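Trainee: I would like to learn how to read a protein model. Please take me through it feature by feature.

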Amino acid sequence: MKTFQTSAGSRKDSDPILRQALRLLQLESDIRRCETETELLHHLVNESRAILGFRQAFALRRRRGLLRVEAISSVSVVEPNAPVVRWIEARAKEACSQSPDSVQDIATDGAKAPSDYPFAYLLWVPFVAKTGRVYGGVILAAETPWEDRRRQLADRLRLTYGHAWQALTRGRVAVRGPAPSKVLSGLSVLTLAALIFVRVPITAIAPVEIVGRNTLVMSAPLDGVVEEVLVRSNQPVNAGDVLARFNDTELRNAAAIARQRVTVAQTRVAALNNRAFSDAEARREIAIAEAELELARAELDLADERLARTELRAPAAGIAIITDPSEWRGRPVETGQRIVEIADPADIEYRIDLAVDDLIVLDAIRPIRVFLDAAPLAPRTAEITQASYRAEQQPSGVMSYDIRASDMSPDDRSVRIGARGTAQVMGQDAALWFVVFRRPLSWMRQTLGI
């Protein structure tokens with residue numbers, strides 16, 4: 001009996017280890033099913049969380065000699081200019097220079113981390129080729145220090161993911177490209193020398209969105225609470241349609257009280273008029289009573305006017321532009337606070353967010369080419385009408401200039417407000433060598449000051 005209890009207790013204690021081993025085997029099985037490099041990296045930063053227990057992961061790959069973030073957990077698109085992405089790349093570069101071939105903790109003291117980044121413990125997990133070259137890695141962020149057990153698991157998964165990564169790329173990711181021959185190098189130099197005086201336009205690519213040109217901003221006409229919003233985004237509205245209603249309990253009661261005051265004042269004036277034939281005192285009070293009646297009527301007009309403003313109506317026909325209507329229900333607002341916009345679907349323009357890194361000297365004469373996501377093979381043309389003189393920070397965290405352009409393409413009803421795409425902005429002509437080396441020169445100027 002005693003032996004049986006000891007065996008049961010040992011088996012019970014081994015269950016967590018068994019479950020952890022089964023999860024690890026299942027994860028390695030899922031890794032073998034990845035068919036592309038992108039799928040593998042997204043699997044690395046998302047699915048390995050159940051084994052390693054991190055809060056956020058950044059997968060990096062060496063490109064042109066630098067480690068660049070390729071995938072982030074729970075993020076579909078990586079913004080290369082985001083502050084946290086640049087900070088992670090700098091931390092990976094430092095860790096790779098210190099101990100490139102082993103799993104190690106990354107110290108964040110004095111690393112100029114973003115002030116709002118919540119995870120203080122980073123773990124560097126490199127992917128190393130047989131030649132000793134680090135071709136990629138992953139940085140795991142957590143709220144608590146990394147224990148030896150989780151480091152060992154990270155080292156185990158490093159070998160598994162590294163093997164799968166090299167298999168999917170057929171080893172190309174782990175080796176350096178062949179050195180160009182002297183003949184090719186000479187031809188390249190001669191070609192660049194021959195084309196050095198050729199002038200071509202400088203172009204830049206930026207995201208674009210279709211917006212209304214002369215939108216009507218419908219703001220709150222009074223301080224109150226939104227009771228309901230009656231329209232949805234892109235819903236057609238006519239002039240006079242009710243867009244939103246405000247809670248009118250207090251204003252309705254105030255109008256009723258003002259109406260009663262008018263009735264009382266009218267009754268008093270009528271009574272004084274009847275007594276004025278025989279009562280001198282009544283004749284003297286008639287003027288005061290009539291003034292009180294006018295004041296009561298003015299208060300009633302003000303109450304009715306404020307009560308009428310509890311319904312926000314459209315001043316013209318168009319389509320409504322608003323966020324989720326359910327978010328406005330019960331929300332207190334102040335006078336002048338924007339609630340909904342009315343836009344004419346036929347009067348549109350393009351809003352282009354040109355990043356600071358892509359800033360060029362714009363040529364207003366040359367048209368802009370717009371490639372909408374809904375029709376990428378049918379580019380549209382537009383003409384620049386306005387450009388902001390300073391950059392502003394966008395919700396994505398990127399500093400960019402606001403450029404507006406009017407559509408020059410034939411009318412097309414398939415183009416609607418809210419559609420997005422990519423715009424090719426044209427700049428002034430410059431020598432081909434400057435167009436090719438513009439970004440390196442800009443980097444040298446900003447980094448080295450030369």
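Mentor: Start with the names. Helices (H or I, at least four residues) and strands (E, at least two) are DSSP runs, numbered from the N terminus. Just after α5, R170 takes a positive phi of about 55 degrees. This is a predicted model: local features need pLDDT of at least 70, side-chain atom pairs count only at pLDDT 80 or more, and totals for chains, interfaces and linings use all residues. Residues are numbered from 1 along each chain as its sequence is written, and side-chain values use heavy atoms, with hydrogens and water left out.

Trainee: How many residues does helix α5 have, and how far does α5 reach?

Mentor: The expected span of a helix is 1.5 Å times one less than its number of residues. Helix α5 covers residues 148-168, which is 21 residues. From first C-alpha to last, α5 reaches 30 Å, close to the 30 Å expected.

Trainee: Which residues of α5 are buried?

Mentor: Buried means under 20% relative accessible area, exposed means over 50%, and partly exposed lies in between (1.4 Å probe, protein chains only). The buried residues of α5 include L153, L157, Y161 and W165. R150 and R158 are also among them.

Trainee: And I257, where is that?

Mentor: I257 sits in helix α7 (residues 249-275). I257 is partly exposed, at 47% relative accessibility.

Trainee: What is the count of salt bridges?

Mentor: Side chains of opposite charge can pair when their charged atoms come close. The rule asks for a side-chain nitrogen of Lys or Arg within 4 Å of a carboxyl oxygen of Asp or Glu. By this rule the count is 25 salt bridges. Take R33 and D30: their side chains meet at 2.7 Å, N to O. R33 is exposed at 52%, while D30 is partly exposed at 26%.

Trainee: Which residue forms a salt bridge with R63?

Mentor: E70 does, with the closest N and O atoms 2.6 Å apart. R63 is partly exposed at 39%. E70 is partly exposed at 26%.

Trainee: Which parts does the pair D407 and R380 tie together?

Mentor: D407 and R380 form a salt bridge, their closest N and O atoms 2.6 Å apart. D407 lies in strand β19 (residues 399-407) and R380 in strand β17 (residues 375-387), so the pair ties together parts 27 residues apart in sequence. D407 is partly exposed at 24%, but R380 is buried at 9%. Elsewhere, salt bridges that share partners join R213, D347, E349, D402 and R404 into one network.

Trainee: Now the strands. Which strands pair with β8?

Mentor: Two strands pair if DSSP finds at least two bridges between them. Strand β8 (residues 224-229) pairs with strand β13 (residues 332-333) in the antiparallel sense, over two bridges. V225 stands opposite P332 in β13. β8 also pairs with strand β10 (residues 242-246), again antiparallel, over three bridges. There, the bridge partner of V226 is F246 in β10.

Trainee: How do I read the lining of the largest pocket by class?

Mentor: Ala, Val, Leu, Ile, Met, Phe, Trp, Tyr, Cys and Pro count as nonpolar, Asp, Glu, Lys and Arg as charged, and the others, Gly among them, as polar. The lining of the largest pocket has 22 nonpolar, ten polar and 16 charged residues.
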